[in-house]
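Trainee: I have a new model open and would like to go through it. Can you walk me through what was computed?

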Amino acid sequence: MVEASKLWFESACRDSKCSELIHPWTYRCSDATKTMLISCIKGSYKFYAMVYVIQILMRGKKLGKKEMIEQFKLYLKSGIFGLTVGSSFVTLNCIFRALFFSQFSYYTTVLLPCTVSGLAVYFEPPYRRVMVVNLFVNLVFEYWVRTLEMKGWLRRSPGKETLVFMLGSAVFFYLLRLDRENDKRTPLFWFFTPPRVSKEVGEPVTGIEGRSPACPHKGPCINYILRGTAQLFGVGYAMTLLRTIIPKILTPRKALGALRLSQLKLGLFFGGYIGLYRLVVCILCRAHGKDSALYALPAGLLSGLAFRAAPSLPIALAPVTSALQILTSWGYQKGMIPANWPLVELLYCVCQGLLFHARVMHEDVCPRYIINLMHTVTTSKADEIQSAFIQKILKEKIA
Ligand SMILES: [Zn+2]
Ligand SMILES: [Zn+2]
């Protein structure tokens, strides 16, 4: 893969026509806009179909007819967001070039138009904007960690990532339990939501039967713990199955052959995560006869161990990002951040600019998710642009 430094990029691409660099499949800017738009309509709705299916699966609840229609409306809006971002890259570049810049430069080619097109996030309803920003901030963290690693300043390992996830989960679950006492809860998308702190108190309980009066659930503790474990194990396993079987669905024998033990990993992580969390909270409630938000600290830390079954950098960083999100939303609620500042939207624009810039200029350290996202949403037009661009740089490097 090719790393494009400012110097290389500018000497190779500065004097290109936009048809050489931005839309290599057609000479005319208007044609380019049209084909890009069509590709992105297809790609964006395909991408969001997957996103919505996974989100509905993760809820673990059946949807009523009304909710189905609601979800479908949201899906249509998300699609508009995706196709606007995807298709505007080409158009904005052609316009900027015609109006303001006569040459391509390192910062104005991808960073600038993709920061501007981030404004399309206004198509999403406010609570979904917050979730999209959470995802993108997390991806920027991933991009930074990968950059540090490439520069040799940092070494990653599954053990270290597990530790980061454990510490992050401890803080995050603690903040989450405090946040549940608020009237206005922060919109978050997480594997599971810990119940609010129970107000009941009672005598300590010994043995393993029944429940403590302080337990934040009904029924015996063992049922509560096992039910959660089984449910999330199922979700994790279903997600793995979808990912491995759907591409092979036309050849059932191959699909069955694709089932392996390693596919239990995600299920083990999900199930273990909630199971350990609930186990620790129940043990503490039983021992003390009352519940406390602080129990989330040891429970979050230990439950994070389950991450070792399926480590990945973006998930390792996710609890930290979500903890920051809760703190920011408290900042809004306490008036420390003025409510009329479009902080979420601006943050989204900056993250999108940075990440798409990384996709084109620093492919090696760009999060996988962004590469796949751009590929899917633009129906591989992004890859066409990328390869034309890489060829230019390579020619320059050889010459
Ligand atoms: Zn053009
Ligand atoms: Zn319990």
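This is a predicted model: local features need pLDDT of at least 70, side-chain atom pairs count only at pLDDT 80 or more; totals for chains, interfaces and linings use all residues.

Trainee: OK, which domains is the protein chain divided into?

Mentor: Domain 1 (1-151 + 335-399) and domain 2 (156-314); the bounds come from an automatic or database domain assignment. Their centres, taken over C-alpha atoms, are 33 Å apart.

Trainee: How many residues of each are in contact?

Mentor: 14 residues of domain 1 are in contact with 9 residues of domain 2, contact being C-beta atoms, placed from the backbone, within 7 Å. On the domain 1 side, the largest share, 8 residues, comes from H7. Helices here are DSSP runs (H or I, at least four residues), numbered from the N terminus.

Trainee: What classes of residue are on that side of domain 1?

Mentor: 10 nonpolar, 2 polar and 2 charged residues. Ala, Val, Leu, Ile, Met, Phe, Trp, Tyr, Cys and Pro count as nonpolar, Asp, Glu, Lys and Arg as charged, and the others, Gly among them, as polar.

Trainee: Now the core. How many residues has the largest nonpolar one?

Mentor: 90 residues, with Phe 136 and Tyr 273 among those with the most contacts inside it. Such a core is a set of buried Ala, Val, Leu, Ile, Met, Phe, Trp, Tyr and Cys residues joined through C-beta atoms within 7 Å. Buried means 20 or more other C-beta atoms within 10 Å of a residue's own, exposed 12 or fewer, and partly exposed in between, with C-beta atoms placed from the backbone. Helix H11 (residues 265-288) gives the largest share, 13 residues.

Trainee: Which residues of helix H15 are buried?

Mentor: In H15 (residues 368-377), they are Ile 370, Leu 373, Met 374 and Val 377. Seen down the axis of H15, they fall within an arc of 90 degrees, so they line one face of the helix; the arc is that of the directions from the helix axis to the C-beta atoms.

Trainee: Last one: why does Leu 167 count as partly exposed?

Mentor: Because Leu 167 has 15 C-beta neighbours inside 10 Å. Leu 167 is in helix H8 (residues 158-179).

Terms used. Residues are numbered from 1 along each chain as its sequence is written. Chains are lettered from A and ligands numbered from 1 in the order in which they are written. Helices (H or I, at least four residues) and strands (E, at least two) are DSSP runs, numbered from the N terminus. Two residues are in contact if their C-beta atoms, placed from the backbone, lie within 7 Å.
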